Amino acid sequence: MFNILAIESSCDETAVAVTQGREVLSSVIASQVDEHKLYGGVVPEIASRRHIEAISGLTEQALKEAGCGPEEIGAVAVTYAPGLIGALLVGVNFAKAFGFGQGIPLIPVHHLRSHIAANYIAAEELEPPFLALVVSGGHSHIVDVAGYTDFKVIGRTRDDAAGECFDKTARAMGLPYPGGVYLDKTASKDRNRYSLPKPSVDGSVYDFSFSGLKTAVVNLLHNSAQKGEPVDIPALCAGVRGTVCDLLLDHTLRAAAALRRDRIVLAGGVSANSELRARFETACAGRGYKLYLPPVHLCGDNAAMVGVQGYYEYLAGRRAGANLNAYATRSIETG
Ligand code: KG4
Ligand code: ZN
């Protein structure tokens, strides 16, 4: 089995890993969160510049921690879509140069596919088929995973992603970036204090819509400020978190029943959410479904998951040439 050097730079984390099949030999991450926090969100231009500065040093560190030299790397896997275009291009160009220098294959990896693959690292027995809920800052997808490189989107958000809804409502409440993390920490048990809408989508029982919830929270804060009434922020956080979890759980269970999948996999940054994890655990246990949750340290962006998905893409014959481009949007189905 050969070693893969994996590179991730789709948003605000520069990450490099060395993997071998599903095994992680090293995984290092440089987070830019503290810098973007100053602006309340990711500033794309800054993200690209920080990736450029961090990527070579991180690669040296990842190789050192894996105890292997560049000549012991058999392929290079890189996130090429979807994400911030300038940020992705840094990783893609670095991977191209590394691959060309070593004379080894270059494997393009779809970011959401890699989030799902984070589960293969911790759960040795997990293999497709299964149903996945992929929830990140930019995406909310229910995906039927028929094979390691065979994906079908069953439901998706029509507007904001779940993570985006958390981030934007948290920001309106004055919580720091990344909002989802702080909203989860701040939420009290008082989830019914504020009545919030639970938007459904015409013509689909699987698709999501979160923008109405975001608008309701912004209006509630606005109206309270105008009337000089205090807002119970922990209760509002609990209301938002509970409503988002209701929708994610409900649609996923519906899809699992319709597709007769009895294994459910969560993936993406939002799968670190404490209520989402607890509610899926209870619901799946009650229905006899097997649930897979990524360990919290593998929920967010990292390169170990890129290496593992890259391995399966490699086995499926996926290769890129020196003309590989990066894409801000790209379907998980085409990869
Ligand atoms: O997958 P990810 O690290 O990056 C993207 O690919 O977007 O996901 C980041 C998202 C952010 O929206 C962040 O607020 C959210 O994951 N997130 C959480 C939690 N931890 C991270 N949302 C809710 N609860 C959490 N504990
Ligand atoms: Zn991500």
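Start at the ligand: a nitrogen atom of ligand 1 has a polar side-chain atom of Asn273 2.9 Å away. That makes a polar contact, a term for a pair of N or O atoms within 3.5 Å; within protein, one must be able to donate a hydrogen and the other to accept it, and residues adjacent in sequence count only if both atoms are side-chain atoms. The protein buries 85% of the 560 Å² that ligand 1 exposes when taken alone, with areas from the Shrake-Rupley method and a 1.4 Å probe.

A word on what you're looking at. This is a predicted model, where local features need pLDDT of at least 70 and side-chain atom pairs count only at pLDDT 80 or more, while totals for chains, interfaces and linings use all residues. Residues are numbered from 1 along each chain as its sequence is written, ligands are numbered from 1 in the order in which they are written, and side-chain values use heavy atoms, leaving out hydrogens and water.

Back to ligand 1. In total, 18 residues surround the ligand, each with a heavy atom within 4 Å of it. Four of these are nonpolar, eleven polar and three charged; here Ala, Val, Leu, Ile, Met, Phe, Trp, Tyr, Cys and Pro count as nonpolar, Asp, Glu, Lys and Arg as charged, and the others, Gly among them, as polar. Helices α4, α5 (162-172) and α6 (179-186) each supply at least two residues of this shell; helices are DSSP runs of H or I with at least four residues, numbered from the N terminus.

Now for the rings. The structure holds nine aromatic pairs, meaning Phe, Tyr or Trp rings (six-membered ring for Trp) with centres within 6.5 Å; planes under 30 degrees apart are stacked, over 60 edge-to-face, and the rest tilted. Tyr120 and Tyr312 have ring centres 5.6 Å apart and planes at 70°, so they pair edge-to-face. This pair links distant parts of the chain, with Tyr120 in α4 (residues 111-122) and Tyr312 in α10 (residues 304-315), 192 residues apart. Both Tyr120 and Tyr312 are buried, that is, under 20% relative accessible area (1.4 Å probe, protein chains only). By contrast in geometry, Phe208 and Phe210 have planes at 15° and centres 5.6 Å apart, so that pair is stacked.

Terms used
Buried < 20%, exposed > 50% of the residue type's maximum accessible area, 1.4 Å probe, protein only.
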